[in-house]
Amino acid sequence: MPVREAHIARNVLYVLIAITLQKVCTAMPVHAGAELQDIRIGLTPGRTRVVFDVSGPFNFQLQEGEKPSTMIIELEDTTAAVALEPVSTEGTPISKLALASRADDNLSIVLTLSQQVETSVFSLKPFELRGDRLVIDLYSPAPVKVVQSEAEYLSDLTPRAANARLPANKPPVTTPFPGSSVSRQEQSEVYREWTGSVSLDTRLFPEEPEYPGQDDQNASIAAQTEYYSEWADGRQQFSLRAFYRWDANDHRRTHGDLREFYWRFEHEDIVFKAGLDVVFWGVAESQHLVDIINQTDLVENIDGEEKLGQPMFNLDYLSDYGVWQLYVLPYFRERTFPGRRGRLRTEPVVDTDNPEYESSSKQKHIDFAGRWSNYIGDWDIGLSHFSGTAREPLFKFDNNNGKPRLIPVYLQIEQSSLDVQATKGAWLWKLESLYNWNNNRDYFATVGGFEFTQFGFAGSVMDVGWLVEYHYDERGKEATNGLQNDIYIGTRLTGNDFSSSAILVGLLYDLDLESYFGNIEASRRIGEFWTLGIELRFTTNTQEQDNLFFIREDDYLGVELTRYF
């Protein structure tokens, strides 16, 4: 691309950053109370979960109402910025949900219950796509074990947080209803929890394999265990999440990883973390353009959602003007790729045993990243910069004495990025943009669009979301992810039922090559401890110059059955 156009693209990012900073300076108050921004209700057998999204830190009090059927939660120095009309309490023990602002600037949440229940009330701190939250669990009279597994937590989230993981949450404060007043500051008990899961996964490929040694079906078993503990009134935390998969076909897909293994310490407005963790940045659905801390575990899934644990030292400063984060990344994780017998691989196969690095330090190069993020009214804004080894490699063809191979090459880069999400009622407007400096080719890339959710679709309890996003990369056909001039259209159905049913359907269309990549994902809970997931991926009209050309015969139907412990 001509130098003039490259300068224009770079200036676009600078203008976006300048507009953001101007908005921060003009719109941010010196001090303001928190706002209640959203209310969500999720149903699982024996439990109703009510989640209140709050714009910032808060204290709460659980009080006994005048009537036995009334439950009152008081949020200190908080105002309401949400309407109750879209919130349905059908099928729950809540007969009425009301908000009341008080003269002392506190907000009262009043729940009128139609039956006797037991309650669990706790707060969650900001994590990835979510800010501060107050969570109320309502159980049937018989005590039920509180299970804070990843699958259970995700089942209660609205579509905007579908890619978020289970946060390192505070332990529940459990009291029978009606109960005595319990404040946030009184949560001082030591908390420990082991959870885990085992999954049986199979993929069926209807087309004949394109390359020798491949099969028309694949089977694997995966196991994951999680341990979480916190002490010192929640100021110190330890988290472990270990993963292992055995694959019957591809030896490279048989692998293990420590996704999390860190110690976290909080002191007033400072948070320090050391160890391995997975950090997510971004707001878009079809591509996480600015997400760069962790390496992609590509043998797990080609959608890029699975990440390898990244060694790090992380320091956060929580201020009235946003969250400031600094990352020191002392070790680099190489990307995983399928082997010769694996489906969804390149031709020739990527040689993961002989990668090349621009830095002489190779995997021991120390990378740095910094980020500022904040909520300003309806706007969620993040500004980031990364300096170090690129997570996405370039490829160099090598004949290797008559045995062709692709050698991954990891460059040194500087990358600045902006991610913005505006919540306007049922509309979510999203934008991710970056500019990348490197010794091969500087480039600008962006993805943006919207998500519109119809709550209570057609008078039911089901929510339907509609997604449209556009991808641009000035590298054109040289874009390593193939998303240089593409449009994404999708729909998301959330059942809000006891089985946590959900379906996501999406289609990527390349405007230059007129090729398609389709994706359907569905999940449903079976009883208390089982979930069934279905995944369908397919390509059509792929051209030889398309990045998807090497998987043109790898359409597949995947089925995964998971047991949680």
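Reply: A definition comes before the questions: Ala, Val, Leu, Ile, Met, Phe, Trp, Tyr, Cys and Pro count as nonpolar, Asp, Glu, Lys and Arg as charged, and the others, Gly among them, as polar. The model is predicted, so that local features need pLDDT of at least 70 and side-chain atom pairs count only at pLDDT 80 or more, while totals for chains, interfaces and linings use all residues. Residues are numbered from 1 along each chain as its sequence is written, and side-chain values use heavy atoms, with hydrogens and water left out.

Me: How do the residues of the lining of the second largest cavity divide into nonpolar, polar and charged?

Reply: A cavity is a set of points, on a 1 Å grid over the protein atoms alone, where a 1.4 Å probe fits but cannot get out, and its lining residues have an atom within 4 Å of a point. Grid points are joined across faces, edges and corners, and a volume is the space filled by probe spheres set on the points. The structure holds 7 cavities of 30 Å³ or more, and the second largest cavity, with about 70 Å³ of space, is lined by Lys-477, Gly-482, Gln-484, Asp-510, Asp-512, Leu-513, Gln-545, Asp-546 and Asn-547. That lining divides into 1 nonpolar, 4 polar and 4 charged.

Me: Which residue in β14 stands opposite Leu-240?

Reply: Strand β12 (residues 217-231) pairs with strand β13 (residues 236-247) in the antiparallel sense over 12 bridges, and Ser-229 has Phe-238 in β13 as its bridge partner. Strand β13 is also joined by 10 bridges to strand β14 (residues 255-267), and these two run antiparallel. In β14, the residue opposite Leu-240 is Phe-261.

Me: Is Asp-233 buried, partly exposed or exposed?

Reply: Asp-233 lies in the loop between β12 and β13, and it has a positive phi of about 55° although it is not a glycine. In the hairpin of these two strands, which has 4 residues between them, Ala-232 takes a positive phi near 55°. Buried means under 20% relative accessible area and exposed over 50%, with partly exposed in between (1.4 Å probe, protein chains only). At 37% relative accessibility, Asp-233 is partly exposed.

Me: How many residues apart in sequence are the parts that the pair of Phe-444 and Tyr-472 ties together?

Reply: Rings of Phe, Tyr and Trp (its six-membered ring) pair if their centres lie within 6.5 Å, and planes under 30 degrees apart count as stacked, over 60 as edge-to-face and the rest as tilted. The count comes to 20 aromatic pairs, among them the tilted pair of Tyr-435 and Trp-437, at 5.0 Å centre to centre and 55° between the planes. Phe-444 and Tyr-472 form another tilted pair, at 6.4 Å and 45°, in which Phe-444 is buried at 6% and Tyr-472 is partly exposed at 28%. Because Phe-444 lies in strand β25 (residues 443-454) and Tyr-472 in strand β26 (residues 463-473), the parts tied together are 28 residues apart in sequence.

Me: How far apart in space are Ser-500 and Gly-42, C-alpha to C-alpha?

Reply: Ser-500 has its place in the loop between β27 (485-494) and β28 (502-510), and it is buried, with a relative accessible area of 13%. In sequence, Ser-500 and Gly-42 are 458 residues apart. In space, C-alpha to C-alpha, their separation is 8.2 Å.

Me: What kind of peptide bond joins Glu-347 and Pro-348?

Reply: Pro-348 lies in the loop between β17 (322-329) and β18. The peptide bond that joins Glu-347 to Pro-348 has an omega of about 0°, and its kind is cis.

Definitions and conventions. 1 Å grid on protein atoms, 1.4 Å probe; cavity = no way out; pocket = protein on both sides within 12 Å on 5 of 7 lines; lining within 4 Å. Pairing = 2+ DSSP bridges.
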